Amino acid sequence: MTLHLPVRRAIRPGRGSAMPRRHRRAMSRGGLLLAAWLALPVMQPASAEPVVMAPAPASAPATLPVTAPAAGLLPPSIALGGLFAAVSAAHIFADAKTAADAVPDRAPGDLLAAYEQAKAQSGFDLNSFVAQHFSVPQQRLVSYRRHQDESVREYIDGMWDVLSRPPDRPPAYSSLLPLPQPYVVPGGRFRELYYWDSYFTLIGLSESGRFDLLRGTVRDIASLIDGYGHMPNGSRTYYLSRSEPPFFALMVDLLARHDGPAAYTTFLPQLQREYEYWMEGDDGLAPGTAHRRVVCLPDGTVMNRYWDDRDTPRDESYPQDIATAAASDRPAAEIYRNLRAGAESGWDYSSRWLADGHTLTTIHTTDLLPVDLNSLIAHLQQTLAHAYGLRGDQARAQRYAQLATERVAAIRRVLWDPAQGAFFDYDWKKQALSPVLSVATMVPLFLEAATPEQARMVAATARARLLRAGGLVTTEQATGQQWDAPNGWAPEEWMAIMGLARYGQDDLAREIAARWTARVVTTYQKSGVLLEKYDVVDPSVSPMGGAGGGEYPMQIGFGWTNGTLLGLMNRYPAIVPPSVPVPDTPPPSVASSNARSSEHD
């Protein structure tokens, strides 16, 4: 049985002054393309912190280049301007993301001119114009079961082919980014490669022995880092202004368990670029100030936050973001920036990011130093130290080991509340911990950034405050946002279980695994599908997984649920509920579209 946990590289907080933070700023091809895209006008609030798109760092030659024309980097909301805004405002598509994914039949400038001319004519009908000039990615209803008595394990193994996609060679003017290797999509409305989803999906691919897809997905992400200077939120132009939680180093860990330690040196250029992206601007940052994704606290401690290089409505949620900004008395650009930063977190959205704990218009993601993000940066620093050591560059290996030691010390000091026995996000503007306890408190255990005593206290707090009938609840708040109560999510359950096991908290780890697995498998037995998220509070089990909440309906498929469930069933075989026949067909309200898109050759 394979345990898919971070590579052990024990670190202990040390003493001494911080090492200098100097990063190369040479412009790469990917940096030039992205800088050109970000040079387009954006709204800036008067009090906005500086937003400067730095060139991508120089590194070893790109091993997996991606080519894309500069014009293809424009998100639809910019390339199509007023036409895109009109389509979104008219709610022509039930899901706003469909408008961002639709492919125009000609160059955006030419289509805009045709639109301006057509709308000036009497009897102009926007629906007809869109139907004439856009192709929507073709989808078909997919049966997610192979046969009537299929077990959940058989379902997962069969789903890899359903969710896999060939290399992407998008048609002209598509928002899809090219990819050189086959990969796996999450499911439902998520028709492209996503960043942090992929790590938890790869766990299952490894368990299933699908190293072809695992390796291809890692290479695709490396190609995007090479092409654009970072791994975007997803493989769409409208995701290029942000990333997602940086799990690439853990993907390389996972691959190295099969391919050997050479994986670290193979992907060292991309690991370095990932780090430079997240740390851009840290060199010389004054205490008490921030730049993009880095914050320097008054005592000189440098930590990270979520950010987005744009402050406009998200293409995939355009009308929702406009409505949120309109309901607020804050500058619209400030709302958009924080909504986008919340999307970079992957927790879109949660009371974690809300100043009043429950209202989306109070979102202030950029004010917070998140527990999970800073733990991931520490792991990335450890991974760089390990990779440089393997390459024989001891000076850089020692440098990154020291930076990791300092980051872990900061996590244990800045983000820790001994009174509550948990890690919390830190509001760097208020210089105070967030009041919101979330399951992110478990991530320092998963990445071994907690002390043994902190891990023991976190376990006790999680048992007392977050453990519910179906596993760990995301937060204690029920706000209607999907990353709050009553929902539990596969990646957080996995990290909590593995983290507790790493610190010897085996009883609680097994208890969470048993409750979560029972919830997921029992739901599958009722519906014949696996879902994106689950209500873990209600003692009864809904075939729909619960109310869901958030911006879009419940999605099925589902990459990270499939991957982590398979890993848990292999680690804890005794907790798997007995198999019973599933329905002949999924309930119509659960069936979802996830066919191969027309954008894929």
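Trainee: Are F200 and W560 buried or exposed?
Mentor: F200 is buried, and W560 is buried as well. Buried means under 20% relative accessible area, exposed over 50%, partly exposed in between, with a 1.4 Å probe and protein chains only. This is a predicted model: local features need pLDDT of at least 70, side-chain atom pairs count only at pLDDT 80 or more, and totals for chains, interfaces and linings use all residues. Residues are numbered from 1 along each chain as its sequence is written, and side-chain values use heavy atoms, leaving out hydrogens and water.

Trainee: How many aromatic pairs are there?
Mentor: The structure holds 30. Rings of Phe, Tyr and Trp (its six-membered ring) pair if their centres lie within 6.5 Å; planes under 30 degrees apart are stacked, over 60 edge-to-face, the rest tilted.

Trainee: Why is the pair of F200 and W560 edge-to-face?
Mentor: Because the planes stand at 80°, with the ring centres 6.4 Å apart.

Trainee: Which helices do they lie in?
Mentor: F200 lies in helix 8 (residues 195-207) and W560 in helix 21 (residues 559-571), so the pair ties together parts 360 residues apart in sequence. Helices are DSSP runs (H or I, at least four residues), and strands are too (E, at least two), numbered from the N terminus.

Trainee: New topic. What sits over the ring of W347?
Mentor: The charged end of R352, 4.4 Å from the ring centre. The cut-offs: NZ of Lys or CZ of Arg within 6 Å of the ring centre and within 35 degrees of the ring normal. R293 lies over the face of W278, at 5.8 Å from the ring centre.
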